[in-house]
Amino acid sequence: MSDNAQVVSEAYECFGRGDIPSLLELMSDEVEWTTPGILPQSGTFRGREGVGEFFAGVAEKWGELEVKPDDLVANGTHVVALGQARGTLASGDAAEYGFSHVFTLDGGKIVRFREYVMADDKIG
């Protein structure tokens, strides 16, 4: 596994155990994090503080959420994760969707994240 893929893998592990402070340490100070409007936690967030706000929004909008990458593909500064997310929204409704996550890394830190979602999946 490439160094960049290892960083991304560690990011998913941090999220999975609810360790958001360690996850934020994997990001550059200028990170840009973008999630599409189809998701309840959508928006573009800048900097570690902004991404921290994103994860606070995830905790608000989801009762539980499991994000599981099935495959990581690394090429230079980019790592693409393909996988599934499923859980329960704060309303109690079950939700699941397929995703593509595109990470850009520089110097071993995540500098950009873009999320793409399967439009026909059940999100809310």
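The model is predicted, and local features need pLDDT of at least 70, side-chain atom pairs count only at pLDDT 80 or more, and totals for chains, interfaces and linings use all residues. Residues are numbered from 1 along each chain as its sequence is written, and side-chain values use heavy atoms, with hydrogens and water left out.

Helices and strands are DSSP runs numbered from the N terminus (helices H or I, at least four residues; strands E, at least two). Helix H1 covers residues 3-16. Its 14 residues should span 20 Å at 1.5 Å a residue, and the end C-alpha atoms are 20 Å apart, so the two values agree; the expected span is 1.5 Å times one less than the number of residues. Buried residues of H1 are Asn4, Ala5, Val7, Val8, Ser9, Ala11, Tyr12, Cys14 and Phe15, where buried means under 20% relative accessible area, exposed over 50% and partly exposed in between (1.4 Å probe, protein chains only). The cover over these buried residues includes helices H2 (20-25) and H3 (47-61), together with strands S3 (62-75), S4 (78-89), S5 (94-106) and S6 (109-117). Just after H1, Gly18 adopts a positive phi of about 75°.

Strand pairing requires at least two bridges found by DSSP. Strand S1 pairs with S6 in the parallel sense over 4 bridges, and with S2 in the antiparallel sense, also through 4 bridges. Thr34 stands opposite Arg114 in S6 and opposite Thr44 in S2.

Thr35 lies in strand S1 and counts as buried because its relative accessibility is 3%. Apart from neighbours within four places in sequence, Thr35 is in contact (heavy atoms within 4.5 Å) with Gln41, Ser42, Gly43, Phe54, Phe113 and Glu115. Pro36 is placed in the loop between strand S1 (27-35) and strand S2 (43-46). Pro36 counts as partly exposed because its relative accessibility is 23%. With the neighbours within four places again left aside, the contacts of Pro36 are Ser42, Glu115 and Val117. Ala95 is 59 residues from Pro36 in sequence, and their C-alpha atoms are 16 Å apart.

Cavities and pockets were located on a 1 Å grid over the protein atoms alone: a cavity is a set of points where a 1.4 Å probe fits but cannot get out, a pocket is an open set with protein on both sides within 12 Å along at least five of seven lines, and lining residues have an atom within 4 Å of a point. Grid points are joined across faces, edges and corners, and a volume is the space filled by probe spheres set on the points. There is 1 cavity of 30 Å³ or more. The largest cavity has a volume of about 210 Å³. It is lined by 18 residues, of which Trp33, Phe55, Val67, His101 and Phe113 are the closest to its centre. At least two lining residues come from each of H1, S1, H3, S3, S5 and S6.

The largest pocket has a volume of about 160 Å³. Its lining consists of Phe15, Gly18, Ile20, Phe55, Val58, Ala59, Trp62, Gly63, Glu64 and Leu65. S3 gives the most to this lining, with 4 residues.
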